[in-house]
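Q: Could you walk me through this one? I would like to start with the surface and then get to the helices.

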Amino acid sequence: MATIHPTAIVDPAAQFGEGVVIGAYSIIKGPVRIGPGTVIHEHSNLQGQTVIGRECQIGPAAYVGLPPQHMKADPNIGRLIVGDFVTIRETATVHRAIAAGDEHATRVGNHCFIMGAVHVAHDCVLGDHAVAANGVLLGGHIQIGSRAFLGGGCALHQFVRVGRLAIIAGNETSTHDVPPFGALRYGALKAYNAVGCKRAGMDRNTIYAIRAAYRCLHGNRLVPAAVEAMRELNSDVPEVQELIDFITSSQRGIVPSHGAARLMTKQGTGAPDSDNPDFDQSGQARMKDANPT
């Protein structure tokens with residue numbers, strides 16, 4: 001049986017699992033479904049076709065399942081699906097998708113930690129155990145891999161992908177994809193996420209293979225050359241193939257490597273190569289087939 005504070009406003013269409021707690025002054029509007037053991041803390045607002053898993057912690061003052069911030073979307077048809085054991089902290093906003101159906105839903109995976117003032121826009125998908133620190137801003141249609149860590153204040157452009165176990169430093173911005181296991185700092189790939197890989201339980205051989213693959217990225221000016229060098233490693237480690245598949249499937253292009261950018265400045269006048277198809281004059285990776293919307 002759910003425990004509902006007398007000051008809360010709850011829609012009759014809402015459905016609650018065993019042990020759900022609805023805190024003071026919270027608003028549950030529409031056919032919201034909340035799994036057993038979940039606590040909705042005071043002043044939170046949940047709306048629409050929103051599904052919350054079991055034993056989550058929402059709020060205080062979190063805004064979950066509100067309509068998408070989109071000029072043309074129907075505010076009533078999109079869905080939000082939040083997994084189990086998820087924490088969404090104070091003043092965070094997680095919005096529903098712009099299209100109907102579970103296959104188009106905004107999704108937050110199991111065990112995710114969304115800290116204060118984070119914005120998760122419509123149609124985003126967060127993998128299991130992803131962490132978004134305070135003030136992270138995610139545009140629409142972003143995909144975050146499992147166990148990725150987004151540092152406080154970082155902002156990602158819509159349609160960007162962040163690979164599994166990648167880490168992004170605080171206050172970074174990116175309009176390009178961040179490969180799996182990568183570490184983004186000062187606008188480029190600084191290295192691979194060694195600490196994250198160890199914490200994920202990877203064995204030594206796997207970590208060495210990832211490090212060798214990232215050396216290919218740091219040591220080649222062009223992304224296709226880096227991918228070819230990875231393939232020449234003849235590694236049977238699945239994580240290396242995961243990295244290759246991510247890079248070759250990127251529609252926006254990946255963020256540049258600090259090492260590749262240095263290689264570019266060592267040639268000729270020291271300026272980035274204008275004939276390089278992967279980098280612009282500032283040394284940043286060019287967008288590939290980017291959707292301008």
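A: Accessible areas here come from the Shrake-Rupley method with a 1.4 Å probe, and for residues only the protein chains shown count as cover. On that basis the chain exposes about 13400 Å², of which carbon and sulfur atoms supply 52%. This is a predicted model, in which local features need pLDDT of at least 70 and side-chain atom pairs count only at pLDDT 80 or more, while totals for chains, interfaces and linings use all residues. Residues are numbered from 1 along each chain as its sequence is written, and side-chain values use heavy atoms, with hydrogens and water left out.

Q: And how many helices and strands does the chain have?
A: The chain has 5 helices and 28 strands, taken as DSSP runs numbered from the N terminus (helices H or I, at least four residues; strands E, at least two).

Q: Ok, how do α2 and α3 cross?
A: The axes of α2 (residues 204-219) and α3 (residues 223-232) come within 8 Å and cross at roughly 150°, the axes being lines fitted to C-alpha atoms, for helices over the stretch in contact, with angles from 0 to 180 degrees between N-to-C directions. The two helices are therefore roughly antiparallel, a term for angles over 145 degrees.

Q: Which residues make that contact?
A: Ala213, Cys216 and Leu217 of α2 contact Ala226, Ala229 and Met230 of α3, where contact means heavy atoms within 4.5 Å.

Q: What about α3 and α4?
A: Their axes come within 10 Å and cross at roughly 155°, with α4 spanning residues 238-248, which makes α3 roughly antiparallel to α4.

Methods
Parallel < 35°, antiparallel > 145°, perpendicular 65-115°, else oblique.
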